[in-house]
Amino acid sequence: MLTKWKSFFQNQHVKWTSRFLYYLLILLLLFFMYGFNDASAGSYIYNDF
């Protein structure tokens, strides 16, 4: 059973999908934290760089 799980998580499609979902979650969390305002309406994520 453990070898099946290991082979499942070592599959390239599973790795790609999990990374995609991970970065999508981070992006969505940033949008929800800083809102969906336009850039001139206040604080924006990249204004201080």
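Let's start with Phe 8, which is partly exposed at a relative accessible area of 43%; here buried means under 20%, exposed over 50% and partly exposed in between, with a 1.4 Å probe and protein chains only. Phe 9 also counts as partly exposed, at 49% relative accessibility. The ring centres of Phe 8 and Phe 9 are 5.2 Å apart and the planes meet at 75 degrees, so this pair is edge-to-face. For such labels, rings of Phe, Tyr and Trp (its six-membered ring) pair if their centres lie within 6.5 Å, with planes under 30 degrees apart called stacked, over 60 edge-to-face and the rest tilted.

Trp 5 joins Phe 8 and Phe 9 in a cluster linked by ring pairs. Searching the whole structure gives five aromatic pairs.

## About the model

This is a predicted model, in which local features need pLDDT of at least 70 and side-chain atom pairs count only at pLDDT 80 or more, while totals for chains, interfaces and linings use all residues. Residues are numbered from 1 along each chain as its sequence is written, and side-chain values use heavy atoms, leaving out hydrogens and water.

## The chain and helix α2

The protein chain has two helices and zero strands, where helices (H or I, at least four residues) and strands (E, at least two) are DSSP runs numbered from the N terminus. Of its 49 residues, 2% count as buried. The chain's accessible surface is about 5,000 Å², and 66% of that belongs to carbon and sulfur atoms; areas come from the Shrake-Rupley method with a 1.4 Å probe, and for residues only the protein chains shown count as cover.

Helix α2 has 23 residues and spans 33 Å from first C-alpha to last, close to the 33 Å expected at 1.5 Å a residue (1.5 Å times one less than the number of residues). After α2 comes Gly 35, with a positive phi near 80 degrees.

Leu 24, in α2 (residues 12-34), is partly exposed at 33% relative accessibility.
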